[in-house]
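I opened my notebook for a friendly look around. Here is what I looked up, entry by entry.

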Amino acid sequence: MSSGVAAHRDAKKLVRSPSGLRMVPEHRAFGSPFGLEEPQWVPDKECSRCMQCDAKFDFITRKHHCRRCGKCFCDRCCSQKVPLRRMCFVDPVRQCAECALVSLREAEFYDKQLKVLLNGATFLVTFGNSEKPETMVCRLSNNQRCLILDGHSHCEIEIAHISTVQMLTEGFAPGEKDIHTHTSLLGSQPASEAGSARAAGMCLQYTVPGSEGAAQLKLMAGEDGNASKRPAAAWLAAMHKATKLLYESRDQ
């Protein structure tokens, strides 16, 4: 991809909505797959009481809309202003207590796991039915829309084209070396966290534009320049969290 095309895809603009200022992609098609659309606000005329505590709105008890769910609350039930990066808000915005907790948990993904995904890690990558894995660095693109794999060859997979993510894990128990799997189908409920297990690899199924059927690849944690697999394990754990956000985005 040329630098001009990449810059075009990464271009952003500042827009003002009823909820606040947002820094969004100039072209909606190039938005982050982790993003959420702004909700429609419950109309004022349809809401005479707080949707949490049932307090009646009047001149003293004013109504406020949660920027994440769009429901109507009193100031006491919707007083927190917290970051809402999945909707690209520039500043923290007013949210109800329930939504604020969710947004705060997601902030950890943006502050920690997303950086891990962008930095990338080393994996042994097997494409399709190939028997010979290739050592490649896998990372998330800067616009968060593609997985980029670089080694002797180069491959880019659009996040939106991934249909299945299967995490491969190893148990922590001494002597336990079996590889276990749990699957997340993007579009159905994702698998829960694997309790006492560590990430060892990942299998993906994805579609290739212009091709019939699904392609697949397997990533197994590889060693970095310090002969450590920890960066790859951290990347896989971050990808597992990202999968949950993708499920929520597609289910919106």
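I began with a term: helices (H or I, at least four residues) and strands (E, at least two) are DSSP runs, numbered from the N terminus. With that in hand, I found Ala55 in the loop between strand S2 (20–25) and strand S3 (63–65).

I noted that this is a predicted model, where local features need pLDDT of at least 70 and side-chain atom pairs count only at pLDDT 80 or more, while totals for chains, interfaces and linings use all residues. Residues are numbered from 1 along each chain as its sequence is written, and side-chain values use heavy atoms, leaving out hydrogens and water.

I checked confidence: pLDDT is the predictor's confidence in each residue, from 0 to 100. The protein averages 84, and 83% of the residues score at least 70. Over residues 172–195, pLDDT stays under 50.

Beyond its neighbours within four places in sequence, Ala55 is in contact (heavy atoms within 4.5 Å) with Ser48, Arg49 and Cys50.

Next I turned to strand S7 (residues 121–127). Five of its seven residues are buried, so S7 is largely enclosed by the rest of the structure. Which strands does S7 pair with (at least two DSSP bridges)? I found S8 (residues 134–140), antiparallel over five bridges, with Thr122 opposite Val137. I also found S14 (residues 214–221), antiparallel over five bridges, where Leu219 is the bridge partner of Val125.

Terms used. Buried means under 20% relative accessible area, exposed over 50%, partly exposed in between (1.4 Å probe, protein chains only). Two strands pair if DSSP finds at least two bridges between them.
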